[in-house]
Amino acid sequence: MAVTGNGTGAASGNGPLAGVRVVELAGIGPGPFAAMLLADLGADVVRVDRPGGGGLAVDPAHDITNRGKRSVLLDLKSADGPARVLDLVERADVLIEGFRPGVAERLGVGPADCHARNPRLVYGRMTGWGQEGPLAHTAGHDIAYIAVTGALGMIGNPGEPPAVPANLVGDYAGGSLYLVIGVLAALQHARATGTGQVVDAAIVDGTAHLTAMIHGMMAAGGWQDRRGANLLDGGCPFYGTYETSDGGYMAVGALEQQFYDTFTELLGIAGRAPARKDIARWGELREAVAARFRTRTREEWTAVFEGSDACVAPVLSLREAPGHPHLAARGTFTDVGGTVQPAPAPRFSATPAAVTGGPALPGAHVESVAADWDVPALLPKEA
């Protein structure tokens, strides 16, 4: 599906959050992604960008995390900057900020300032360490946050350094998604009671929460606290990745017996492989599986397992993924203004979400936001 868009933005989408107004104080990482998700779901997201920009060196025209939003330029350190933000807050349902603890308060746009103007406001705070604790005021990034939760230490091969999972586990899974969950829960409470609240979304909290099942397995004696020794961390020979003859990789997840039986049959080792439950022979089983995968290309093995219940799939690159037949059929990726990107998720039967425009260019929507939100003070003063 192709969508045209040049960052002009829309007052509101048609998704389940249509009519919800969100103010996003510009930042980097999980805050913008959380606000993008709200925009994908139909919220009217106004991003308050700072003059001169800031954050990571990404061309604003290609910053997909700002798609479907609108942008105004406000200097929070100027005399009237905080007042203009509070004008927006008065008309908003949600505010998202990602400053270090105490910064928003010093700028005059902290929770007390905002709730004085709008008691129903949901004030979403996105940080790595949280609003309190010994490290709350120190700098950090995704990798440090997931390191102290135990999540990073789980990932990778035994005897090797932990593998870095980009910023998906911390920033986005432990951060953005938990912020969105918190904002939506608080929004429900605000609509029921008329009272807003502060959502303290810390990446360390969210990432730790993601490991709940693993902690349960460890308590039950079913998980060893080391890398590459368990069912789901690459230690199991029928749950991992294998190189093919052309240097590609196949991912195997044949955990259940019936799926494993199909896997070994199609791989060509049925009846010759060591018993899957004999952990002492897992190394031997791994070698047998690896040797077979090295006999054909990734494309050939994909054809062998296609449509089966063997739970095997090719490992695709980011550029290859949109062309996968299943993802293409579902429209998992979309084209917005010539940029291929993930389509909104999840999907709704009654209120389908959609990308309403390309990335919001800084300050491009002052006039439309001033009119739609009835904040004429946003407009430049006439000379």
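Trainee: Which residues make the nonpolar surface patch, and about how many Å² is it?

Mentor: This is a predicted model, in which local features need pLDDT of at least 70 and side-chain atom pairs count only at pLDDT 80 or more, while totals for chains, interfaces and linings use all residues. Residues are numbered from 1 along each chain as its sequence is written, and side-chain values use heavy atoms, with hydrogens and water left out. Patches consist of residues with over 30% relative accessible area and no salt bridge; like charges are joined within 9 Å and nonpolar side chains (Val, Leu, Ile, Met, Phe, Trp, Tyr) within 5 Å. Accessible areas come from the Shrake-Rupley method with a 1.4 Å probe, and for residues only the protein chains shown count as cover. Here M213, L231, L232 and Y239 make a nonpolar surface patch of about 330 Å².

Trainee: Where does Y239 lie?

Mentor: Helices (H or I, at least four residues) and strands (E, at least two) are DSSP runs, numbered from the N terminus. Y239 belongs to strand 8, residues 239–243.

Trainee: Why does Y239 count as partly exposed?

Mentor: Buried means under 20% relative accessible area, exposed over 50%, and partly exposed in between (1.4 Å probe, protein chains only). Y239 counts as partly exposed because its relative accessibility is 30%.

Trainee: Which residues gather in the patch of negative charge?

Mentor: The place of a charge is taken as NZ of Lys, CZ of Arg, CG of Asp or CD of Glu. On this surface the negative patch gathers E243, D246, E299 and E300. D246 is placed in the loop between strand 8 and strand 9 (249–253). With a relative accessible area of 48%, D246 is partly exposed.

Trainee: What is the case for D44 and R70?

Mentor: Their closest N and O atoms are 3.0 Å apart in a salt bridge. D44 in strand 3 and R70 in strand 4 are 26 residues apart, so this pair too links distant parts of the chain. Both D44 and R70 are buried.

Trainee: By about how many helical turns are D87 and R84 separated?

Mentor: D87 and R84 are separated by about one helical turn, because they are three residues apart in helix 2 (residues 81–90). They form a salt bridge whose closest N and O atoms are 2.9 Å apart, and both D87 and R84 are buried.

Trainee: Which residues are linked in a network of salt bridges?

Mentor: The network links D80, R84, D87, E90, R117 and K381.

Methods:
Salt bridge = Lys/Arg side-chain N within 4 Å of Asp/Glu carboxyl O. Lys, Arg positive; Asp, Glu negative; His and termini not counted.
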